[in-house]
Amino acid sequence: MAKNSHDGDVAFVKALAEVLKSNDLTELEVKREYGEDDSLNVRVSKQVNVVQQTVAAAAPVAAAAPAAGAPAAAAPTAAAASLDDDPSQHPGAVTSPMVGTCYLQAEPGTPAFAAVGDKVTEGQTLLIIEAMKTMNHIPAPKSGTVKRVMVEDGTPVEFGAPLMIVE
């Protein structure tokens, strides 16, 4: 009898995996009660790397632009235009390491961690991203001057979104 129950559980898990796949889900969790002390808890999930693929696809485009064989005088202008179009490709860009809500100050009414024109040191907190009720301090990747702030206090941000430019 245990063998039949086990075979049924395997078939059930396979059916859940098919539901996951056919409905384009990333996770599915089910609890099955057989009796007072007999139950089955199943969690089926798949890893999705959509964000990583998007970032990887964007990088070669930026790298290929200077190698297009354009005249030397036109190349800096084209590079500057692409940096304005996509600030995340700027060498001084500080991008979001996670999805969450961005805060430029520790609490309302206090000064911002960093503003345009401020000199910052490597490791200094530039802003906070709240994710799942956890406040994550985002440090400056290098010392320099804040040239641009691209987010407003209290706004949601996505993974890889440009937050600031530090040069």
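This is a predicted model: local features need pLDDT of at least 70, side-chain atom pairs count only at pLDDT 80 or more; totals for chains, interfaces and linings use all residues.
Welcome! Local features here need pLDDT of at least 70, side-chain atom pairs count only at pLDDT 80 or more, and totals for chains, interfaces and linings use all residues. Residues are numbered from 1 along each chain as its sequence is written, and side-chain values use heavy atoms, leaving out hydrogens and water.

**Strand β10 and its partners**
- Strand β3 (residues 93-95) pairs with β10 in the antiparallel sense over 3 bridges; two strands pair if DSSP finds at least two bridges between them.
- Strand β8 (residues 144-149) also pairs with β10 in the antiparallel sense, over 3 bridges, and Val-146 has Val-166 of β10 as its bridge partner.
- Because 4 of the 5 residues of β10 (residues 162-166) are buried, this strand is largely enclosed by the rest of the structure. Buried means under 20% relative accessible area, exposed over 50%, and partly exposed in between, with a 1.4 Å probe and protein chains only.

**The chain as a whole**
- The chain has 3 helices and 10 strands, where helices (H or I, at least four residues) and strands (E, at least two) are DSSP runs numbered from the N terminus.
- Of its 167 residues, 22% count as buried.

**Nonpolar cores**
- The largest nonpolar core has 16 residues, and those with the most contacts inside it are Val-120, Leu-126, Leu-127, Val-151 and Met-164. Such a core is a set of buried Ala, Val, Leu, Ile, Met, Phe, Trp, Tyr and Cys residues joined through side-chain atoms within 4.5 Å.
- Strands β6 (125-131) and β10 each supply at least two residues of this core.
- A second, separate core of 7 residues includes Phe-12, Leu-16, Leu-20 and Val-42.

**A closer look at Phe-113**
- Phe-113 lies in the loop between β4 (100-103) and β5 (119-120), and it counts as partly exposed because its relative accessibility is 22%.
- Leu-127 is 14 residues from Phe-113 in sequence, and their C-alpha atoms are 6.0 Å apart.
- Not counting residues up to four places away in sequence, Phe-113 touches several residues, among them Tyr-103, Leu-104, Leu-126 and Leu-127; contact means heavy atoms within 4.5 Å.
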